[in-house]
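Please open the structure in your viewer and keep the selection tool at hand. The tour goes from one selection to the next and says what is there.

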Amino acid sequence: MPLRVIENCRRILDKVVLRAAVVSCAVALSAAGTVPAHGDAFAPTPGALVGWDTYRQLDRLPYLVPGVQTQQFSSYDRSGGNNDGGGGCLHGGGAGCVVAEDHGPGEIDSIWFTRDRGNVASMGNIRIELDGAVVLDAPLQAVVSGAAGAPFAFPLVADASQSPGGVYIKVPMPYRDSMRVSIARNLQYYHVTYRRFPDPIGVRTFDRSDRAEDVLAMLRKAGTSDPKPPKANAQRQTRTVDIAPGATVPVARATGPGAVSALRLRMPSEAAFTGLRLRIGFDGQQTVDAPVAEFFGLGLGSPGAIPVRSLMFAADPAPGGWLWAWWPMPFLADATVSLVNTTGAAVRGVDTDMVVDPDPQWAVALATGSAGHFTARSHAGPTAPGQDWSFADELGHGKFVGVSHTMRGHRIDTPSGFRWPAFLEGNERAYVDGASTPQIPGTGTEDFYEGGWFFDFGRRFSLPLTGAPTERTSGPGCADYCLTAYRLMLPDAVNYLFSLRFGIQHGPVGDDQQADYSSTAFLYR
């Protein structure tokens, strides 16, 4: 039996024993009156969030639902080369060329195209069919520019002026029996990311007449306020701390059951921003140990950066600017937030602010494994020839919900005089539950972050679910070409039952371009 399988089984058995112990603890808490013996805390595990509920109920993001699979059709080069715009149609039909098709209950969550530096006018109509009915049939360029009207409106759709070099449609479109996406002509680079559900319970076919104005309004405010439903009993802790060189200082603590719903920090200097680490522990386990700057989307620091305005975190790169995170982070018994000083000098006057929502639902949800602890996987170093850069390599049950990625590389001269950042030719690849082929095969690094053409040759942007807020060719820590990017995968979270390997190539063929990478992946485990 392969060593990895044996180790996987051992860890699963360890978790079963631990889970039994934690369930016993939850029952004891209930008997003591700490957790109510009836009501929400012992309600059945919520099912998969479907359609607009994915955005309307972001507080339920920690719940893990077995049987939900996230998959992707794309134009990746089937030969293993770098012709990732040559994957072509699945077959003819629909508007002309079918690019995605599924049977059974599911949901389309992200559609991305590019050609001609993001000008997709020559591609003609996009047609989307759900459960045998056409829900959209219109010129692709018009749709991504917002001409189709809500809910196909910015930022759920974006053209190449908004998402540099690429266009996308991120309207969640559920179906009970079938879906088909087709394009009229001139297909080049594309991906269609979708979920498959184990059954149609709770799934209603996408209603084109639902304008979802509340969701659009919430997304347009991304990066300025908590997107989750407000809780009446929220508790706030504020503190200002000084941190000696090499010291670890707890800045906030809470007891549960409950959830950290917001975390806010203000760094007194650039050195503090780039030299502090954030550590968070829940229920006796440290699950977050990440560079502060990267956790909030600006892994290269402030120089050359625009403000980050994502749905779940934000950063103001101006001196003294605030950093925000709104991930729901549940805990059964306790939570601790600490800062670690790696700068070599004292850091004085770090402002911190944490909001906790006491909530008994998390006691049994976490004890039984129906919800996961928030986790950030961070590491940094040189890329290795022939090996994908790893975002996350997991054993156990969980889901991947996003990544903040920092890249430092070199450009290659070409005969035309263009200096080519070839390391960005790497494709994302997600292998779920031991699969030998990726469920998510990508077409390029900037494509994964839903831009294109090297983000239209270096334009910066920050949108609710994707962004590349930093690009520079010199300065501290940047020898030639450096950038940061992020992608949140909320409707299209990658669920795994017992294992996940999610990484990205660096270079056009076989991970052949050396670069220095750092990444912080966000998961619930």
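Predicted model: local features only at pLDDT ≥ 70, side-chain atom pairs only at ≥ 80, totals over all residues.

Residues are numbered from 1 along each chain as its sequence is written, and side-chain values use heavy atoms, with hydrogens and water left out.

Colour the chain by pLDDT, the predictor's confidence in each residue, from 0 to 100; the mean for the chain is 92, and 91% of its residues reach 70 or more. Next select residues 1-44, over which pLDDT stays under 50; for this stretch the model has 43 contacts beyond four places in sequence, a contact being heavy atoms within 4.5 Å.

Now select Glu-107, which lies in strand β4 (residues 106-114), where a strand is a DSSP run of E of at least two residues, numbered from the N terminus. Is Glu-107 buried or exposed? Glu-107 counts as buried because its relative accessibility is 0%, given that buried means under 20% relative accessible area, exposed over 50% and partly exposed in between, with a 1.4 Å probe and protein chains only. The side chain of Glu-107 makes a polar contact with the side chain of Arg-195 at 2.8 Å, and a polar atom of the Glu-107 side chain lies 2.6 Å from the backbone nitrogen of Gly-51. (A polar contact is a pair of N or O atoms within 3.5 Å; within protein, one must be able to donate a hydrogen and the other to accept it, and residues adjacent in sequence count only if both atoms are side-chain atoms.)

Move on to Arg-185, in the loop between β10 (178-183) and β11 (189-196). Arg-185 is partly exposed, with a relative accessible area of 47%, and, not counting residues up to four places away in sequence, Arg-185 touches Ser-122, Met-123 and Gly-124.

Finally, look for the cavities, each a set of points on a 1 Å grid over the protein atoms alone where a 1.4 Å probe fits but cannot get out, with lining residues having an atom within 4 Å of a point. Select Ala-48, Leu-49, Tyr-63, Arg-195 and Lys-399, which lie nearest the centre of the largest cavity among its 17 lining residues. For the second largest cavity, select Pro-155, Leu-156, Tyr-168, Lys-170, Leu-219, Pro-464 and Leu-465, which line it.

Terms used
1 Å grid on protein atoms, 1.4 Å probe; cavity = no way out; pocket = protein on both sides within 12 Å on 5 of 7 lines; lining within 4 Å. Helix = DSSP H or I, 4+ residues; strand = E, 2+ residues; numbered from the N terminus.
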